[in-house]
Amino acid sequence: MPSEALSRLLPASGKRVSVQQEGAWDKESPLCNVTVDKHLVFVVSTEWVTAGWSARHVLVERLGLWQQKSADGGAVVYADRAAASVVKCQDAGVKKYDVSTFIEVLEPGRRDEKAMGRLMRGYNNSLKPRSLCNPPSG
């Protein structure tokens, strides 16, 4: 993840950052929780979604955020406190599902629309669709 964009979303006064991952992509949808000074402030999740869902649909479905900006031809959408992306998996031979990543900043994290957009675009561009689109084995 782009560290400069991430740092603009974490609390400015934070002293200790820790990251905890729950789940593994080969078995289920992974979730990554970021805490600052023992407060959960940032969540990243990746999950299978029905083929054809847009990133916009994911953000509306998860948080009801209708006011969004988009990037990368609509593959990424973002607002000041959340972002979503969808990686299409048809080229990897998966017809029924695509992969969505969802990011949300929680209080006392900071809201910053530009940073959220940069963070999700950078993260999405780092993904490797071929390996990401392999269905879970469990």
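Q: A polar contact is a pair of N or O atoms within 3.5 Å. At the start of α3, which residue owns the backbone nitrogen that a side-chain oxygen of D112 reaches?
A: In this predicted model, a side-chain oxygen of D112 comes to within 3.2 Å of a backbone nitrogen.

Q: What distance does α3 reach from its first C-alpha to its last?
A: The helix α3 has 14 residues. At 1.5 Å a residue, a span of 20 Å is expected. The distance in the model is close to that expectation, at 20 Å.

Q: Against which elements do the buried residues of α3 pack?
A: The buried residues of α3 are A115, M116, G117, L119, M120, Y123 and N124. Their packing partners include both a helix and strands. These partners are α1, β3, β5, β6 and β7.

Q: Which are the edge strands of the open sheet?
A: The open sheet has 7 strands in the order β1-β2-β3-β7-β6-β5-β4, with antiparallel pairing. An edge strand pairs on one side only. The edge strands are β1 (17–22) and β4 (69–71).

Q: What angle does the direction of helix α2 make with that of β6?
A: Strand β3 (residues 39–50) pairs with strand β7 (residues 97–105) in the antiparallel sense over 9 bridges. Within this pairing, T101 in β7 is the bridge partner of T46. Helix α2 (residues 55–63) packs on the sheet and touches β3, β5, β6 and β7. The direction of α2 makes with that of β6 an angle of about 135°.

Q: Which residue in β7 stands opposite A83?
A: Strands β6 and β7 pair in the antiparallel sense, over 6 bridges. The residue of β7 that stands opposite A83 is I103.

Q: Why is β7 largely enclosed by the rest of the structure?
A: A residue counts as buried when its relative accessible area is under 20%. The strand β7 is largely enclosed because, of its 9 residues, the number buried is 8.

Q: Which element gives the largest share of the largest nonpolar core?
A: The largest nonpolar core has 20 residues, and those with the most contacts inside it are L9, L10, F42, Y78, I103, M116 and L119. The elements α1 (3–7), β2, β3, β5, β7 and α3 (113–126) each give two or more residues to this core. The largest share is 4 residues, and it comes from α3.

Q: Which residue joins its side chain to that of T35 through a polar contact of 2.4 Å?
A: T35 lies in strand β2 (residues 31–36). Leaving aside neighbours within four places in sequence, T35 is in contact with R16, V17, S18, L40 and V41. The partner whose side chain makes the polar contact of 2.4 Å with that of T35 is S18.

Q: How far apart in space are E4 and R118, C-alpha to C-alpha?
A: E4 lies in helix α1 and is partly exposed, with a relative accessible area of 43%. In sequence, E4 and R118 are 114 residues apart. In space, their C-alpha atoms are separated by 9.2 Å.

Key:
Residues are numbered from 1 along each chain as its sequence is written. This is a predicted model: local features need pLDDT of at least 70, side-chain atom pairs count only at pLDDT 80 or more; totals for chains, interfaces and linings use all residues. Side-chain values use heavy atoms; hydrogens and water are left out. A polar contact is a pair of N or O atoms within 3.5 Å; within protein, one must be able to donate a hydrogen and the other to accept it, and residues adjacent in sequence count only if both atoms are side-chain atoms. Contact means heavy atoms within 4.5 Å. Two strands pair if DSSP finds at least two bridges between them. Axes are lines fitted to C-alpha atoms, for helices over the stretch in contact, and angles run from 0 to 180 degrees between N-to-C directions. A nonpolar core is a set of buried Ala, Val, Leu, Ile, Met, Phe, Trp, Tyr and Cys residues joined through side-chain atoms within 4.5 Å. Buried means under 20% relative accessible area, exposed over 50%, partly exposed in between (1.4 Å probe, protein chains only). The expected span of a helix is 1.5 Å times one less than its number of residues.
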